[in-house]
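Have the sequence and the 3D view at hand as you read.

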Amino acid sequence: MRNRSIRPAIAAALVAGGLAGVLVATPAQATEYSSALKVAGVQYDAPGSDNNSCTTGNTKAEYVTIKNFSRTTRVNLKGYVVKDAVGNSYTFRIDHYLEPGDYVKLRGGKGTESDANNVAYRQNCNFIWNNDRDTIKLIKPGGAYADTHSYTKSANDRDGNGYITFHS
């Protein structure tokens with residue numbers, strides 16, 4: 001299991017009378033941004049044993065799905081950034097157009113970006129998403145947030161398949 005040094009965010013609220021603290025669960029969607037592009041889901045735990053070999057590994061099976069939820073607006077992903085909680089990032093460097101309702105899967109590993117196949121590759125064989133918890137940030141070219149999600153395996157992946165859906 002991958003695990004980077006992340007300070008877990010734990011929120012505490014006082015019970016009436018201030019006698020005890022209660023842990024508050026962090027929701028999978030904490031903030032709603034006004035953006036056509038959203039993180040639709042993440043395969044944060046690639047099926048099988050983690051292996052980041054570029055030739056025999058399974059980093060391509062780890063991906064985040066970004067979807068254009070607009071009904072009318074075509075969006076170019078060029079300049080958008082996807083980041084995790086500790087700052088690992090990928091910037092879309094070429095034109096990649098998402099029609100209304102269209103999506104792209106940003107995969108680990110190496111490969112060729114393709115509008116026709118709705119895929120982009122991070123060109124990096126290291127895993128980016130933690131298997132226990134992480135934060136996914138989708139950032140617009142100007143630096144404003146388009147979408148963000150924090151997840152934990154225990155709270156958000158009820159069936160344990162390593163995939164979490166957002167904006168269903």
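A polar contact, as the term is used here, is a pair of N or O atoms within 3.5 Å, and within protein one of the two must be able to donate a hydrogen and the other to accept it. Keep in mind as well that what you see is a predicted model.

With that in hand, look for asparagine 58, which sits in the loop between β3 and β4 (63–68). Its side chain reaches the backbone oxygen of proline 47 at 2.9 Å, within the 3.5 Å limit for a polar contact. Is asparagine 58 buried or exposed? With a relative accessible area of 13%, asparagine 58 is buried, because anything under 20% counts that way. Leaving aside residues up to four places away in sequence, asparagine 58 touches Ala46, Pro47, Gly48, Ser49, Asp50, Asn51 and Phe127.

The loop between β3 and β4 also holds cysteine 54. Which residue is its partner in a disulfide? The partner is cysteine 125, and the two sulfur atoms are 2.0 Å apart. A disulfide is a covalent bond between the sulfur atoms of two cysteines. Because cysteine 125 lies in the loop between β10 (119–121) and β11, the pair ties together parts that are 71 residues apart in sequence. The link is right-handed, with 120 degrees about the S-S bond, and a search of the whole structure finds one disulfide. Cysteine 125 is buried, at a relative accessible area of 6%.

Now step back to the whole chain. Of its 168 residues, 40% count as buried. Among contacts with a separation of 6 or more, 59% are between residues 24 or more positions apart. The chain exposes about 9,100 Å², and carbon and sulfur atoms supply 49% of that area.

Next, turn to the inside. In soluble globular proteins, nonpolar side chains tend to be buried together. Here the largest nonpolar core has 24 residues, of which Val42, Val82, Phe92, Trp129 and Ile136 touch the most other members. Strands β3, β4, β9 (103–107), β11 and β12 each supply at least two residues of this core, and the largest share, three residues, comes from β3. Valine 42 shows how many neighbors such a residue can meet: not counting residues up to four places away in sequence, it touches Tyr63, Val64, Trp129, Ile136, Tyr151, Gly162, Tyr163, Ile164 and Phe166.

Strand β3 (residues 37–43) also contains lysine 38. Lysine 38 is buried, with a relative accessible area of 6%. Its side chain reaches the backbone oxygen of serine 35 at 3.5 Å.

Finally, follow the chain to a hairpin. Strand β11 (residues 133–139) pairs with β12 in the antiparallel sense over seven bridges, and isoleucine 136 stands opposite histidine 149 in β12. Five residues lie between the two strands, and in this hairpin glycine 143 takes a positive phi near 105 degrees. How many of the eight residues of strand β12 (residues 145–152) are buried? Six are, so strand β12 is largely enclosed by the rest of the structure.

Notes: Residues are numbered from 1 along each chain as its sequence is written. This is a predicted model: local features need pLDDT of at least 70, side-chain atom pairs count only at pLDDT 80 or more; totals for chains, interfaces and linings use all residues. Side-chain values use heavy atoms; hydrogens and water are left out. Helices (H or I, at least four residues) and strands (E, at least two) are DSSP runs, numbered from the N terminus. Buried means under 20% relative accessible area, exposed over 50%, partly exposed in between (1.4 Å probe, protein chains only). Contact means heavy atoms within 4.5 Å. Two strands pair if DSSP finds at least two bridges between them. Accessible areas come from the Shrake-Rupley method with a 1.4 Å probe; for residues, only the protein chains shown count as cover. A nonpolar core is a set of buried Ala, Val, Leu, Ile, Met, Phe, Trp, Tyr and Cys residues joined through side-chain atoms within 4.5 Å. A disulfide is a pair of cysteine sulfur atoms within 2.5 Å.
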